[in-house]
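Take a look at the model below.

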Amino acid sequence: MIQTMTFKEMILQGIPDQLPNKKSRDDKYSHAPKRKDILTPTEKKLAIANALRYFPASWHAELILEFVEELKVYGRIYMYRFMPDYEMYARPIHEYPAQSKQAAAIMLMIQNNLDPAVAQHPQELITYGGNGAVFQNWAQYLITMKYLAQITDTQTLHMYSGHPMGIFPSSIDAPRVVVTNGMMIPNYSKPEDWERYNAMGVTQYGQMTAGSYMYIGPQGIVHGTTITVMNAFRKKLGAGVSPNGKIFLTAGLGGMSGAQPKAGNIAGCITVCAEVNASAAIKRFEQGWVDKITHNLDELIDIVKEAVSNKEVVSIAYVGNVIDVWERFDIENISVDLGSDQTSLHNPWAGGYYPVGLSFEAANDMMAYHPEQFKELVQASLRRHADAINKHTAKGTYFFDYGNAFLLEASRADADVMHDNHIDFKYPSYVQDILGPMCFDYGFGPFRWVCTSGAHEDLKLTDQIAANVLESMLVNAPVSIAQQLQDNITWIKEAEKNKLVVGSKARILYADAEGRAKIAAAFNEAIGNGTITAPIVIGRDHHDVSGTDSPYRETSNIYDGSKFTADMSIHNVIGDSFRGATWVSIHNGGGVGWGEVSNGGFGLVLDGTDASKTKLENMLFYDVNNGIARRAWARNSGSLEAIEREMKRSPNLTVTIPILVDEKLLQQIQ
Ligand SMILES: NC(=O)c1ccc[n+]([C@@H]2O[C@H](COP(=O)([O-])OP(=O)(O)OC[C@H]3O[C@@H](n4cnc5c(N)ncnc54)[C@H](O)[C@@H]3O)[C@@H](O)[C@H]2O)c1
């Protein structure tokens, strides 16, 4: 009987020997919205046959009814019956049944991504972003965990969009897991294609760190958002000017967007964040991520006016549509210093963006039952949204796109967001103006680590080690990177106090190639000499220097015409895979939407050995410098400086450097 089995036995069993009892989903969790009914009758049969192929034929007659029902009710087949009976969370590494420590670490990372305390829709296997999936269904989860328990250090597991294709012989130096998510023939990469082929059970949207097993809860996004808001204020107000009493107006209190008020508080401003979904807003308020909450626009105005006159640092959630706030602030002449938006416009037709003038519930009904009408309302709202923002920017607001495809979708809706040249947008993306030139071009990006012991003491030690490394680097750092080093030293020293750990014992900071390798080497040494008690997983978000080709986000500050190419991200995962990564992943669609981005990532398990040291040095060097080389070739000045410095430091490196053309010569061309 399943109840008497241990956790290890349940993992090793994979798909249970006996058909488990039917289970329904649990209402205490947030659930993915009903997906639209897109399949033809023939395709529905295919979806059912695809789902049944994971199970013995003797179960098919019973399961077919259930899977038909799930497809009808939810638009997808999640196989709720096969949700495991044990609790889902990242256990200390020694609790996993495994032949390979590397595989055990990956199991820990997978369970963390599905932990209900961490994941957005845990029972639909969605970690964040509304559709960022780890697996498409529970059968894939069960088989993958079993395979990871079986795999040795001379084999590699190949994952096709959540589906474990199999364990193949490889070598000790090969990755243990290779992941692809949502890779499509380019012509079949429209949002409709995701709906169709995901419903058929043959692909999934892996977002960035969801389908690559590298999510670390809200901490990662709080850090990134803090860096962005701080630097945005520096841009608007000038370096050294306090943002106290200045307004940052934005929308979204969901998975990642929920970090905005907390980041605003750390940066020291007044954050006003609109959220249409009352339960999302209340959750963030109850978690202490936002200081005040109101359902009433008049009350919001009073709170904001008082906060401005007292120069407060405060965050306020408004339960309602963000367009109403932009419009009302204009009427009230409330001056917005920074403006942005983090609604899920990478997913505009299926719950990512709620049109103004319609209740949350009515919108949910309309998108499922009248999708064409819903689309029209979304586009009309985007036009109104842009008009309201334009009124504020005319009065001095600094507005930036937060990588959620706001400007892209607004432009597709014919909103007034295009530059006079009819090519560019009126407003920059946060990468064009902030993260690109200040961080990515120099190799600064979201380096993260997870202590697989699960011990708080280990995490504290790693914080100390990382702070020491960054402080030693700051002593001789060039002016161009000193501010980033200092921001991250401050961050890591305060990290424990900010209590951002949810799920696995993880930490994040931004560092460049040299910093990442030095920190990882110091961790490896501490594991080797027993100061740290178990392996550490290092990795990063895909939202980084080299891993992601995304013309409206990560590579939006590439101006040589190559921002619509995806060579860099592909080189990244291939290059990392033979330089020591424990797993690599390449995804279509993370962040800004299916078909809009190619994003790659890695995980590397440090176990304190010399082999680990060689791998980390070799792999991290390439993982960062690949992107700097590409950015330098695109003539980005920060990257030209960074790669020249790297070539001096590393005699084995030769990068092709662009020869700049005199502008006067180009002006002669008619
Ligand atoms: N660049 C980054 O670092 C970065 C970071 C975070 C998020 N993003 C992007 O931002 C988006 C949001 O991510 P998420 O994980 O928070 O998604 P999410 O779906 O969990 O949250 C978005 C929230 O916006 C709310 N919303 C939608 N329309 C609204 C409207 N008109 N007014 C007020 N609220 C509205 C939704 O109810 C939802 O709670 C995604 O597109 C993501 O890719 C980018």
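## Cavities

How many cavities of 30 Å³ or more are there? The count comes to 4. Rolling a probe the size of a water molecule over the atoms shows where empty space is left. On a 1 Å grid over the protein atoms alone, a cavity is a set of points where a 1.4 Å probe fits but cannot get out. Its volume is the space filled by probe spheres set on the points, with grid points joined across faces, edges and corners.

The largest cavity has a volume of about 220 Å³. It is lined by 24 residues, and Arg76, Ile77, Tyr78, Gln136 and Asn198 are the closest to its centre. Lining residues have an atom within 4 Å of a point. The lining divides into 13 nonpolar, 7 polar and 4 charged residues. Here Ala, Val, Leu, Ile, Met, Phe, Trp, Tyr, Cys and Pro count as nonpolar, Asp, Glu, Lys and Arg as charged, and the others, Gly among them, as polar.

This is a predicted model: local features need pLDDT of at least 70, side-chain atom pairs count only at pLDDT 80 or more, and totals for chains, interfaces and linings use all residues. Residues are numbered from 1 along each chain as its sequence is written, and side-chain values use heavy atoms, with hydrogens and water left out.

## The second largest pocket

A pocket is an open set of points with protein on both sides within 12 Å along at least five of seven lines. The second largest pocket has a volume of about 920 Å³. Its lining holds 41 residues. Nearest its centre lie Ser189, Lys190, Trp594, Gly595 and Glu596.

Which helix gives the most to this lining? It is α6, with 4 residues. Helices α6 (191-199), α13 (371-394) and α14 (406-412) each supply at least two. By type, the lining has 21 nonpolar, 9 polar and 11 charged residues.

## The ligand

The ligand is surrounded by 28 residues, each with a heavy atom within 4 Å of it. The closest are Ser257, Glu275, Ser344, His346 and Tyr430. This shell has 9 nonpolar, 17 polar and 2 charged residues.

A backbone N or O atom of Val322 lies 3.2 Å from a ligand nitrogen.

## Overall build

The chain has 22 helices and 17 strands. These are DSSP runs, numbered from the N terminus: helices are H or I with at least four residues, and strands are E with at least two. Along its principal axes the C-alpha trace spans about 70 × 60 × 55 Å.

Key: A polar contact is a pair of N or O atoms within 3.5 Å; within protein, one must be able to donate a hydrogen and the other to accept it, and residues adjacent in sequence count only if both atoms are side-chain atoms.
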